[in-house]
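Biologist: I would like to learn how to read helix packing. Can we take one example and go step by step?

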Amino acid sequence: MFTLLGKGAGGLAIFTTGIVLKTRQITFNKTICSTILLKNLAFPLVVWGCMSLFNSPTTLTRLVVVALAIPTATMPSTLAIRFNVHEAELASTQFWSTALSFITLTAFVLALS
């Protein structure tokens, strides 16, 4: 049962992302920019620094930092639409986070290799 859920989750997430981004206006402002910088860059850097400070195993550090550098998930946008709260901002954050993750995620993977 969990195998079936696991195989379908990725495709469903991509489908949901497409619907959310198609139905909402994508904008860019200071709030969205700061959220993306914190999520895609600052948070993984802080955790990387903490893990280096405490001499965590290299493999664990790589896994955790790269996992944290992954773009914003679809769930915040879905909940925003469901409860009619900051829908455009969260959809825009999801879009820009994903678009810019090609740069930030690549940088983290290269820096950690």
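Modeller: Read along the sequence, this chain runs α-α-α-α-α. That comes to five helices and zero strands. Helices (H or I, at least four residues) and strands (E, at least two) are DSSP runs, numbered from the N terminus. This is a predicted model: local features need pLDDT of at least 70, side-chain atom pairs count only at pLDDT 80 or more, and totals for chains, interfaces and linings use all residues. Residues are numbered from 1 along each chain as its sequence is written, and side-chain values use heavy atoms, leaving out hydrogens and water.

Biologist: At what angle do α2 and α3 pack?

Modeller: Two packed helices are described by the angle between their axes and the distance between the axes. Axes are lines fitted to C-alpha atoms, for helices over the stretch in contact; angles run from 0 to 180 degrees between N-to-C directions. Here α2 (residues 30-53) and α3 (residues 58-68) pack at about 160°, with axes 8 Å apart. The two are therefore roughly antiparallel. Angles over 145 degrees count as roughly antiparallel.

Biologist: Which residues make the contact?

Modeller: Contact means heavy atoms within 4.5 Å. From α2 come Lys39, Phe43, Pro44, Val47, Trp48 and Met51. From α3 come Leu60, Thr61, Val64, Val65 and Leu68.

Biologist: How many residues of the chain are buried, as a percentage?

Modeller: Buried means under 20% relative accessible area, with a 1.4 Å probe and protein chains only. Buried residues make up 20% of the 113 residues in the chain.

Biologist: What are the dimensions of the box that the C-alpha atoms fill?

Modeller: Roughly 45 × 45 × 25 Å, taken along the principal axes.

Methods:
Parallel < 35°, antiparallel > 145°, perpendicular 65-115°, else oblique. Buried < 20%, exposed > 50% of the residue type's maximum accessible area, 1.4 Å probe, protein only.
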